[in-house]
Amino acid sequence: MIQLSNLHKGFGPKKVLDGVNLTIGRGESMVIIGGSGTGKSVLLKCVLGLMIQDSGIITLDGQDTSTVERDAFLARFGMLFQGGALFDSLPVWQNVAFRLLRGSLARPKREAREIAIEKLRRVGLKPDVADLFPSELSGGMQKRVGLARATAAEPEIIFFDEPTTGLDPIMSGVINDLIREIVEEMGATAMTITHDMSSVRVIADKVAMLHAGRIQWTGPVENMDNSGDPYVSQFISGSADGPIESVR
């Protein structure tokens, strides 16, 4: 579904991506792990075309993404942003139905609202939430609204950027379970970036570790604990000792 071939991206003298190669199969849930500042978000933005790689090729269904029509390309994606990124001036239902109210995916307003309420129900929120504003919601509820918005247009591919950031362990578990259930129900291809190992173990079919600008290891999530890779072992154990340098 998605293939990254020898991807490079730098900012001035700093190389962030230094030859990334990765394949994500159709209907697969790939989770990319790695420490802060290792380029996970840059990688995601390059796939979406929000940043342009310095070199290398990104293909979607075998087609070079640099040659596709942007609106049609982006219509295939849903996105759950790290900070929720809800529009403060819009009620919840309009946040969820944002893509259904404009552009090529536009639906009649009543239909868009009905879809939004159904998507809210799917993430455990009642219809009376639809007319509230984001400022009236807790952090966990805002994250659920973000998840509802990510799935409202029935995308083929969904990206999750640190989906449990800022949530307590119980709510993190709820969000992880919802993501897994919804991705499976939709048959969507998923790409998640996180450093939360509890998320990895629930969401992932496969795991890829990004370190020093390259994919250090990739494989099925069930092989992660016995990967034999010292970088992966240090990261998942949270040890200060190992090949990953820590600030002391």
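The dialogue below takes up pockets, then a helix, then some loop residues.

Analyst: This is a predicted model, in which local features need pLDDT of at least 70, side-chain atom pairs count only at pLDDT 80 or more, and totals for chains, interfaces and linings use all residues. Residues are numbered from 1 along each chain as its sequence is written, and side-chain values use heavy atoms, with hydrogens and water left out.

User: How much space lies in the largest pocket?

Analyst: On a 1 Å grid over the protein atoms alone, a pocket is an open set of points where a 1.4 Å probe fits, with protein on both sides within 12 Å along at least five of seven lines; lining residues have an atom within 4 Å of a point. Points are joined across faces, edges and corners, and the volume is the space filled by probe spheres set on them. Here the largest pocket holds about 650 Å³. Its lining comprises 24 residues, with Leu74, Phe77, Met79, Phe81 and Arg99 nearest the centre. Helix H1 (40–48), helix H2 (70–74), strand E6 (77–80) and helix H5 (139–151) are the elements that each give two or more residues to this lining. Helices (H or I, at least four residues) and strands (E, at least two) are DSSP runs, numbered from the N terminus.

User: Which element supplies the largest share of that lining, and how does the lining divide by class?

Analyst: H1 does, with four residues. For the classes, Ala, Val, Leu, Ile, Met, Phe, Trp, Tyr, Cys and Pro count as nonpolar, Asp, Glu, Lys and Arg as charged, and the others, Gly among them, as polar. The lining of the largest pocket has 13 nonpolar, four polar and seven charged residues.

User: What is the volume of the second largest pocket, and which residues line it?

Analyst: The volume is about 150 Å³. Among the lining residues are Cys46, Val47, Ile52, Ile58, Val68, Arg70 and Phe73. H1 gives the largest share of this lining, three residues. By class, the lining divides into seven nonpolar, four polar and one charged.

User: Which residues of H4 are buried, and which are exposed on the face turned away from them?

Analyst: Buried means under 20% relative accessible area, exposed over 50%, and partly exposed in between (1.4 Å probe, protein chains only). In H4 the buried residues are Ala112, Ile115, Ala116, Lys119, Leu120 and Arg122. They cover an arc of only 155° around the axis, so they lie on the same side of H4; the arc is that of the directions from the helix axis to the C-beta atoms. The face turned away from this buried side carries the exposed residues Arg110 and Glu114. The buried residues pack against helix H3 (92–96), H5 and helix H6 (169–186), where contact means heavy atoms within 4.5 Å.

User: Where is phi positive in residues other than glycine?

Analyst: Asp61 has phi near 55° and lies in the loop between strand E4 (55–60) and strand E5 (63–64). Asp61 counts as partly exposed because its relative accessibility is 40%. Ala212 also has a positive phi, near 55°, and is found in the loop between strand E9 (206–211) and strand E10 (214–220). At 59% relative accessibility, Ala212 counts as exposed.
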